[in-house]
Amino acid sequence: MRSTLAFAVALVATAGSAARADDPKLAFEKYTLPNGLEVILAPDPAVPLVAVNVWYHVGSGDEVPGRSGFAHLFEHMMFQGSKNVGADRHFEILRKLGADEVNGTTNSDRTNYYEVVPSNQLETGLWLESDRMSHLLDILDKAELDNQIDVVRNERRQRYDNVPYNKARFAMQAALYPEGHPYRYFTIGKHEDLVAASLDDVKSFYRTWYVPSNATLALVGDFDLATGKALVAKWFGTLPASKKPAVVMIPAPVVKAQTITVDDPFAKLRQITFAWHSPAQFAPGDADLDIVADALAAEGTGRLYKALIYDKPLAQSIRARQGGSQFSGDFTVTITLRSTADAAQAQQIALDEIAKLTRDQLTAPEIARVVAGQEAGAIYRLEGLNSRANVLQMYNHYLGDPDRITFDLDRYRKATAEQIRATAATYLVPAHMVTVITNPTRGGK
Amino acid sequence: VNRLAIVAVVAACGSKPPITVPAPPPSSAGETPIVTQPEPTPMPPTTQTAQPQDLAFPDEDFRAHQPAAGAPRPFRLPAVEPFTLDNGIKVYLVEQHTLPIVSMDLNFDGGSMTDPKGKDGLASVCMAMLTEGTEKLDKIQYSGALADVASSINAYAADDSQGLGLASLTKHLPATFALFADTLRTPGLRQSDLDRMLKRRIESVKQARGNPTAIPHRVSGPILYGPNHPFGTVVTETSLASITLDDCKQQLAKWLQPNHARLFVVGDLSEAQLRATFAASPLATWKGTAPKLPRLPAPHTLPGRIFFVHVPNAAQSTVMMLEHGPMRTAPDYFANTIMSSVFGGSFTSRLNMNLREDKGYSYGARGGLSYSKLYGTLVASAPVQADATYQALLEISHELDDLARGKRPITKDELEREKLNATLALPGRFATAQAALGQYRSLVYYGLPLDYFNTYVDHVTKVTEAQVKQSAARHLRPDRAVFLVVGDGDAKMIVDDPEQPKDKRRVPYMNHDKPYTLREALKDLAARGDVGRGGLVELDVDGNVIR
């Protein structure tokens, strides 16, 4: 074991210092307007397009009980129109420009909005974003809200309610997070909370969280720095100063070991999920558990893949994932069983493999593969302009600095086998493990 | 691991100052799991400290109107220079040297249209067998060798082609290409790997039958092409179980031949480097020619007008409209594209504006013309909430009728919008080298010239309102359209009452004194013939007619 450790450290040290020179470097300038709006400008004239990308530092983690799903419902309202743009014109205007990637997304931590426009239309992108940052409430309309509540409820039906094994995901989340915790109902929220959303909620949420000082605007693509700055000043510089809203960090509770069984009419194969609370995004241990997840479940090389799919015909598929959000994370291992499999045997093998990770160190190649994958991923994420904007925004949101690619990769390069084992031993413990079993049921009424 | 350290990290960055301190990590005490505990005790409701701020936003005159566009920057399409290797592989290379990455796709004729009857799924299974390992490396070693260099090799079978692709960092291309060559020329093809794959695919078929959103894809082929056409077959337990290792060896030997194969390459690599890479590999001596693809029989849409698959408990139904349409190479292609975009091609299309933004029945509805090399199809599709299934089918039918029969012909604004989009979005379709190669690849697939885009803007600009109207009349054929509904037949239906105020327009669809169920409503609709004659046909999840 001693020699393995020494080797691992040496390998990481050489690979680390050699690779750092290779790390992709993004040229950008970040500054803050007097009103508090953060701006990230990253000119690149390669193609005549610009990604206009705004992150508001609010997500479903900032919701209050009884209004689950509201941050995402609000995101939909941001596309319904603002005073100067007009009602229902956002998509049409951008379609006539030949814009691409026109969308928005919400997660527990932040909400983003973006469009990739031809560079000679950059100003229209800024017009659209500044108008919904300042004049959204002027033309707010009950019929539009009612319509978007229907649309979001259908989004939930399409992406959650009508999908096999999602009952288990909701059950797991409810076991990890008690009533009152904003992670309990995922970002999509509960149907009854969505129905209860009012125009007053929209107004209050906008005035609380969508203030200029709680947003970051990134422009990536074909513009020169001076022009970019002048246009940002024109469209955003006169917006009023605001106080940056404080985020209330809500701790994850300590969870006792428990087993939950869920009947699912859309599932045809039995599925077992093991779940634990785990570190938040970028917190110590987050990268370690990414490495553990890969060592368990990567196709071919994963220990559970080998044990349950390759060596024994027990599992149909294996997934393991460290999911770090801003307040806390969850580590999950999901095993979908073959119809003929002995569930108890599969479960025992899986738990033995997980326990082994808390006792014995991973091998050097298991760790090096994740480092290689992370280094490659950092490069692939830079292919598209909007993807690059989201990379800058992501590091800025979580770490306060868009330029954190090397810091991020170092988390993996510097992870030692002993540190990874210790992290696994801290979090992946039987006493706090939530087990969710999906039982296929016949669908007939 | 100390949770307090987390707080320090987050606080130091200043982006989101934390207010409360997270709980300590769970202890690692070795207690044994306790079965079925109550869920965590409710927490006191969170009190958010952030409050609404009353801000006075400026409203300068310049905000009132959309800003004028600047002068467009000229855009040169990335070049593709085809060349042919000695063994007949035709190479399409788009170079990019900003990122140190290379991807390749070696594409052959073949695919699922060549699967013998009764062995549906053969091409897909055989191609997937390639990445189960090589003669030298078993599955585990093979996966490890790829993961060590963060590369991927993926095999696929489409309807009318099959192939093998790779993605690699430039610095790891030698190692990745060596594995790629072995995957192609000396695959492992072990019986144990085939047995495992077939059993897992049989389980996947079982699972697909229970998945409300997988079923429409399963049964739309049999409906549109008929069960005797290669595009109308369905992979089943029986067809998978009949596949042998010899079948795969023959399939691969027949179709994976270099002469006339197409290699699409994008990335940090020159023609000389690519030729040298091939010359130094086992592919240097690889020779051979595959047969021509077989001619296919004419498709025969299943008799019937409304096809229904019952999925108990489905929270939503999928409603589809299907018919055959013009080919990609049709002379009126540009007018067809504009027409198709207006019908269902984008967020702003008629289908989406109706079913999502007006009625709120769906998270999104799309439709329009799509193409393969041999066929064109017209499909509209929307997942809709269960109770609105019947009304959504009527809406799709109305949108088709209104555009086809000129009741609501294409407007000047719609024409303008879609023509502008088609031309101005062109740089975006070439924004990355990968995207550019995708465009050229599509030209090769349809047999169109590689300089096609030189005249593209000109063609789009010349499309007239009359041509688009003619396209709608010619290709949107309500008489040939059939409908597929996959949903809960017992769900109770509503209808839209346009006379009511906006929030009361959904009214129960009453059959005398009780609401129609979906199954009853479809039966009734089919009998009335409002969306065409031919009746209601109920299918099972494999596309077989039940009644």
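Colleague: What makes the link of B:Cys126 and B:Cys248 left-handed?

Modeller: The angle about the S-S bond is -85°, and with that value the link of B:Cys126 and B:Cys248 is left-handed. This is a predicted model, in which local features need pLDDT of at least 70 and side-chain atom pairs count only at pLDDT 80 or more, whereas totals for chains, interfaces and linings use all residues. Residues are numbered from 1 along each chain as its sequence is written, chains are lettered from A and ligands numbered from 1 in the order in which they are written, and side-chain values use heavy atoms, with hydrogens and water left out.

Colleague: Why is the pair B:Cys126 and B:Cys248 called a disulfide?

Modeller: The S to S distance is 2.4 Å, and a disulfide is a pair of cysteine sulfur atoms within 2.5 Å, so the pair qualifies. Over all chains, the structure holds 1 disulfide. The link joins distant parts of the chain, with B:Cys126 in helix H2 (residues 122–130) of chain B and B:Cys248 in helix H8 (residues 245–255) of chain B, 122 residues apart. Helices and strands here are DSSP runs (H or I over at least four residues for helices, E over at least two for strands), numbered from the N terminus.

Colleague: How do you know whether A:Phe186 is buried or exposed?

Modeller: Its relative accessibility is 16%, and buried means under 20% relative accessible area, exposed over 50% and partly exposed in between (1.4 Å probe, protein chains only), so A:Phe186 counts as buried. A:Phe186 has a positive phi of about 55° although it is not a glycine, and it lies in the loop between helix H6 (166–176) and helix H7 (191–196) of chain A.

Colleague: And what about B:His260, buried or exposed?

Modeller: B:His260 has a relative accessible area of 58%, and is therefore exposed. Its phi, too, is positive in a residue other than glycine, near 75°, and B:His260 is found in the loop between H8 and strand S6 (262–267) of chain B.

Colleague: What makes helix H3 (residues 90–97) of chain A largely enclosed?

Modeller: In that helix, 7 of the 8 residues are buried, so the rest of the structure largely encloses it. The buried residues of H3(A) pack against strand S6 (100–106), strand S7 (111–118) and helix H4 (122–134) of chain A, and also against helix H10 (333–345) and H13 of chain B. A:Glu115, in strand S7 of chain A, is likewise buried, at 0% relative accessibility, and among the residues that A:Glu115 touches are A:His90, A:Leu94 and A:Arg132; contact means heavy atoms within 4.5 Å.

Colleague: Why is the meeting of B:Lys171 and A:Asp22 called a salt bridge?

Modeller: Their side chains lie 3.4 Å apart, N to O, and a salt bridge is a side-chain nitrogen of Lys or Arg within 4 Å of a carboxyl oxygen of Asp or Glu, so this pair meets the cut-off. Between chain B and chain A the count is 8 salt bridges.

Methods: Lists of a residue's contacts leave out its neighbours within four places in sequence.
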